[in-house]
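Biologist: I would like to go through the terms used for this model one by one. Please set each value against its definition.

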Amino acid sequence: MEEAKLRMIQESVPGKQITLAHIIANPDKTLYRKLGLDPQADYSTKSAIGILTVSPSEYVIIAADLSLKASGAEIGFVDRFSGTLITVGSISEVEAAIAAAIDYAEEKLGFTVCEITKT
């Protein structure tokens, strides 16, 4: 008797989710340059980097807007294709920026969100 072969097809279907929300407190200045952030910026006042990854990726546009309006943080990088947002500023500014984007996604849009982590 011949064994039946099992065939699996896997697909990735993006949901409404924030998969990464991380704050790097007091990063080494070389990290800013390696990330491609403005080398002419005054990093003495920017003591944190915030990283947010979202799906669908278009939400990152809204997250960037919310982040700017909720804090004094600046946008270091935004990619509407990968759903990546990098913010820079003081630790409290970056925390406020990330929290605003997460809160709106969860409360208004029904996203599944992760907790904010920090190193």
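Biologist: Is the crossing in which H2 passes H3 left-handed or right-handed?

Modeller: H2 passes H3 in a right-handed crossing. A crossing is right-handed if the near helix is turned clockwise from the far one by less than a right angle, and left-handed if anticlockwise. Helices (H or I, at least four residues) and strands (E, at least two) are DSSP runs, numbered from the N terminus. This is a predicted model: local features need pLDDT of at least 70, side-chain atom pairs count only at pLDDT 80 or more, and totals for chains, interfaces and linings use all residues. Residues are numbered from 1 along each chain as its sequence is written, and side-chain values use heavy atoms, with hydrogens and water left out.

Biologist: Why is H2 called oblique to H3?

Modeller: The axes of H2 (residues 59–70) and H3 (residues 91–109) come within 8 Å and cross at roughly 125°. Therefore H2 is oblique to H3: angles under 35 degrees count as roughly parallel, over 145 as roughly antiparallel, 65 to 115 as roughly perpendicular and the rest as oblique.

Biologist: Which residues in H2 meet H3?

Modeller: Tyr59, Ile62, Ala63, Leu66, Ser67 and Ala70 in H2 do, where contact means heavy atoms within 4.5 Å. Their partners in H3 include Tyr104 and Leu109.

Biologist: What makes E1 and E2 a pair?

Modeller: Two strands pair if DSSP finds at least two bridges between them. Eight bridges join E1 (residues 17–25) to E2 (residues 48–55), and the two run antiparallel. His22 stands opposite Ile51 in E2.

Biologist: How many bridges join E1 to E6?

Modeller: Two bridges join E1 to E6 (residues 117–118), running parallel. Here His22 stands opposite Thr117.

Note on methods. Axes fitted to C-alpha atoms, helices over the stretch in contact; angles between N-to-C directions.
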